[in-house]
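Please keep the sequence and the structure in view while reading.

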Amino acid sequence: MPNNQTLGSNSKSILADTIPIAVSASHSHLSEEDFYHLFGENSKLIKWKDLSQPGQFAAQKVLTIKGPRGQIDNVRILGPFRNDTQIEISQTDAVKLGVSPPIRMSGDLKNSSPITLIGPHGILHKKHGLIIAQAHIHMSETEAALLNVKDQEIVKVEIISEVRQIQMMNVVVRVSPNFMLEMHIDTDEANAAAIATNQHGKLKK
Ligand SMILES: [Zn+2]
């Protein structure tokens with residue numbers, strides 16, 4: 001058999017300069033302390049399924065988030081635990097909750113919005129931690145070199161689509177040895193461009 005089908009999907013993507021897109025629904029990252037407060041001291045953060053970035057997983061547990069106007073149930077917890085609790089929602093969910101969180105990179109929680117978290121065992125009124133995640137591309141150092149971009153660089157991504165052609169601006173490149181090539185957008189961004197699973201984008205400098 002000719003050995004010309006052995007490239008992984010990521011390698012193929014790089015050859016074509018295209019990036020697989022994954023859509024994130026509103027979700028939460030919790031500190032260990034906040035998790036036990038919400039779910040009880042004997043609770044465990046058990047994996048439901050792996051996410052594409054190595055070591056990251058969707059947990060079995062979900063919580064409720066509440067703002068001045070409304071609440072959203074079944075918000076998935078992603079693991080592992082983080083040092084700081086961070087809730088990432090779409091602008092649509094922000095309107096539903098009655099809050100105005102900033103568009104931020106994950107981990108940048110300065111002046112992020114307050115939010116109430118409700119679990120089966122407790123309630124937490126967080127003074128900050130709510131953001132709308134800025135669209136970003138995870139990649140390894142090798143992938144960054146091949147795509148000729150650096151960590152924290154701002155790029156544009158043209159969504160490859162026959163349905164609705166959209167170019168996303170202000171997309172942040174995030175490089176780490178633990179990452180694999182994948183662009184993360186939220187449900188509003190996906191809906192705006194009618195993006196379905198297995199769609200790709202083209203990186204533009
Ligand atoms: Zn991400």
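Is Glu158 buried, partly exposed or exposed? Glu158 is partly exposed, with a relative accessible area of 30%; buried stands for under 20% relative accessible area, exposed for over 50%, and partly exposed for what lies in between (1.4 Å probe, protein chains only).

The model is a predicted one, in which local features need pLDDT of at least 70 and side-chain atom pairs count only at pLDDT 80 or more, while totals for chains, interfaces and linings use all residues. Residues are numbered from 1 along each chain as its sequence is written, and side-chain values use heavy atoms, with hydrogens and water left out.

**Salt bridges**

Side chains of opposite charge can pair when their charged atoms come close. A search of the whole structure gives five salt bridges, each being a side-chain nitrogen of Lys or Arg within 4 Å of a carboxyl oxygen of Asp or Glu. The table presents pairs from among them.

| Pair | N to O distance |
|---|---|
| Lys126 and Asp34 | 2.6 Å |
| Lys204 and Glu158 | 3.1 Å |
| Arg104 and Asp108 | 3.8 Å |

Lys204 belongs to strand β14 (residues 200-204) and Glu158 to strand β11 (residues 154-159), so that this pair links distant parts of the chain, 46 residues apart. Helices (H or I, at least four residues) and strands (E, at least two) are DSSP runs, numbered from the N terminus. Lys204 is partly exposed at 29% relative accessible area. The salt bridge of Lys126 and Asp34 ties together parts that are 92 residues apart in sequence, because Lys126 lies in strand β9 (residues 123-133) and Asp34 in helix α2 (residues 32-39). Asp34 is buried, with a relative accessible area of 7%, whereas Lys126 is partly exposed at 21%. In the remaining row, Arg104 is buried at 15% and Asp108 partly exposed at 36%.

**The zinc site**

The zinc ion has as its protein donors His136 (NE2), His138 (NE2) and His184 (ND1), at 2.0 to 2.1 Å. Donors are N, O and S atoms within 2.8 Å of the metal (3.2 Å for Na, K and Ca); water is not among the atoms, so sites may look incomplete. The spacing of the donor residues in sequence is H-x1-H-x45-H. His136 is buried, with a relative accessible area of 8%, and His138 is buried at 6%.

**Two domains**

The domain assignment, automatic or taken from a database, gives domain 1 (9-22 + 135-204) and domain 2 (26-133). Their C-alpha centres lie 24 Å apart. Contact, meaning heavy atoms within 4.5 Å, involves 13 residues of domain 1 and 11 residues of domain 2. Together the domains bury about 940 Å², 48% of it on carbon and sulfur atoms; buried area is the accessible area (1.4 Å probe) that two parts lose on being put together, summed over both. Met180, Asp186 and Asp188 supply 39% of the area that domain 1 buries against domain 2, more than any other three residues. Between the domains the count of salt bridges is zero.

**Strands β4 and β5**

Thr64 lies in strand β4 (residues 57-66) and is buried at 13% relative accessible area. Ile72, in strand β5 (residues 71-79), is buried at 10%. Leaving aside neighbours within four places in sequence, the contacts of Thr64 include Ile72 and Asp73.
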